[in-house]
Amino acid sequence: MECRIVTIPGDGIGPEIVREACKVLDKVAQTYGHSFHYQEVLMGGCSIDAYGVPLTEEALEAARRSDAVLLGAVGGNVGNSRWYDVAPDLRPEAGLLAIRKGLNLFANIRPAYLYKELAEACPLKKEIIGEGFDMVIMRELTGGLYFGERHTEEVDGILQATDTLTYNENEIRRIAVKAFDIAMKRRKRVISVDKANVLDSSRLWRKVVEEVAKDYPEVKLEHMLVDNCAMQLVMDPGQFDVVLTENMFGDILSDEASMITGSIGMLSSASLNESKFGMYEPSHGSAPDIAGKGLANPIATILSAAMMLRYSFDLDKEADAVESAVQKVLTEGYRTPDIMSEGCEKVDTARMGDLIAERI
């Protein structure tokens, strides 16, 4: 199979972790007889430096022509960066929002799985972890508060900021269908997270999700308020299978879920449109404080590449091989600094990539 992959290394540790993911993909191609062709484009702070905007139309068009996009991370230190002393639509993260919208990537899939080898790195007590957990957070990605109308104005001499949260039934229905489809391949349980006791948007969300659930009689649907969900994730994470939620709630809850896996450096993600096209990225940020020091954990990006093989290219065997290689490396005791524990061998970013590629 020949595949065209646009890579967006981005800022901070982005180039380091994308480099290791491509190393693993190249080993997959060599082992299984595929050809992966890469085209690198700029997005985020590096694009601002080069072109004055966080995402050019040329970069977006290159992504549209590709079969999938592999993204590292964008942004810098908000309080200490020239990239943030500008209008919000010119900041690095605006490029991320623009590419999601431009590629119609409405469904964000974030698995959160606790490897037994990393149980010691999990901040939760052993009696809470139990036999571990394995969940998928399905986050709506192109609607809600992040894409609603916003403005700041002066009213009677006082500055007032307004952000608008809007969803229509079609936006809710299509993400709900994705969640229920995934649940059918897992443990057939969906927990839909909202704030229906307060928000009209959440009451519509709940209504539409219940309508979709009627088409999936085998799947058990439960509703959970977002504040309760945040508590339940650290009280009993094993109860969750597929968590379905809107944009801002999903942003927050998926980061919380990532930390109970032992490190945010372990959490992969896929953002899909209505076809097989997707953008694949780790859930962590650009971590500019450790950039260039070999301290970054590339596993989340490598696992995101495995998701690309599975969801965009239908290469399940190859995706399994990458996931198995990650498992083997962890079982053998190799660790980057963020997941280091006593008795293990600490390795840098590039060495971790080498070890995983060698086990494909």
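**Labels against values**

Trainee: What makes D314 partly exposed?
Mentor: D314 has a relative accessible area of 47%. Buried needs under 20% and exposed needs over 50%. The value falls in between, so D314 is called partly exposed. Keep in mind that this is a predicted model.

Trainee: Where is D314 found?
Mentor: In the loop between α10 (299-311) and α11 (316-331). The phi of D314 is near 55°, a positive value in a residue other than glycine.

Trainee: Why is D156 called exposed?
Mentor: The cut-off for exposed is over 50%. D156 has 77% relative accessibility, so D156 counts as exposed. D156 sits in the loop between β6 (150-155) and β7 (158-163). Its phi is positive too, near 50°.

Trainee: Which residue takes a positive phi just after α4?
Mentor: N104, with a phi of about 55°.

Trainee: Which residues of α4 are buried?
Mentor: In α4 (residues 92-102), they are P92, A94, G95, L96, I99 and R100. Their cover includes β1 (2-10), α2 (45-51), α3 (57-65), β3 (68-73), β5 (134-140) and β12 (278-282).

Trainee: Why is N247 called buried?
Mentor: Buried means under 20%. N247 has 0% relative accessibility, so N247 counts as buried. N247 is in helix α9 (residues 247-259).

Trainee: What makes the pair of N247 and L141 a polar contact?
Mentor: A polar atom of the N247 side chain lies 3.2 Å from the backbone oxygen of L141. The distance limit is 3.5 Å. The pair is within that limit.

Trainee: What else is N247 in contact with?
Mentor: Leaving aside neighbours within four places in sequence, the contacts of N247 include R139, E140, T142, G143, Y146, F147 and Y167.

Trainee: Are C22 and C122 buried or exposed?
Mentor: C22 has a relative accessible area of 12%, so C22 is buried. C122 is buried as well, at 7%.

Trainee: Why is A213 called buried?
Mentor: A213 has a relative accessible area of 14%. That is under 20%, so A213 is buried. A213 lies in helix α7. Leaving aside neighbours within four places in sequence, A213 is in contact with F180 and L221.

Trainee: How many cavities of 30 Å³ or more does the structure hold?
Mentor: One. About 50 Å³ of space lies in the largest cavity.

Trainee: Which residues line the largest cavity?
Mentor: L165, Y167, L199, S201, S202, W205, E246 and F249. Helix α7 (residues 200-213) gives the largest share, three residues.

Key:
Residues numbered from 1 in each chain as written. Predicted model: local features only at pLDDT ≥ 70, side-chain atom pairs only at ≥ 80, totals over all residues. Heavy atoms only, no water. 1 Å grid on protein atoms, 1.4 Å probe; cavity = no way out; pocket = protein on both sides within 12 Å on 5 of 7 lines; lining within 4 Å. Points joined across faces, edges and corners; volume = space filled by probe spheres on them. Helix = DSSP H or I, 4+ residues; strand = E, 2+ residues; numbered from the N terminus. Buried < 20%, exposed > 50% of the residue type's maximum accessible area, 1.4 Å probe, protein only. Polar contact = N/O pair within 3.5 Å; in protein donor to acceptor, adjacent residues only side chain to side chain. Contact = heavy atoms within 4.5 Å.
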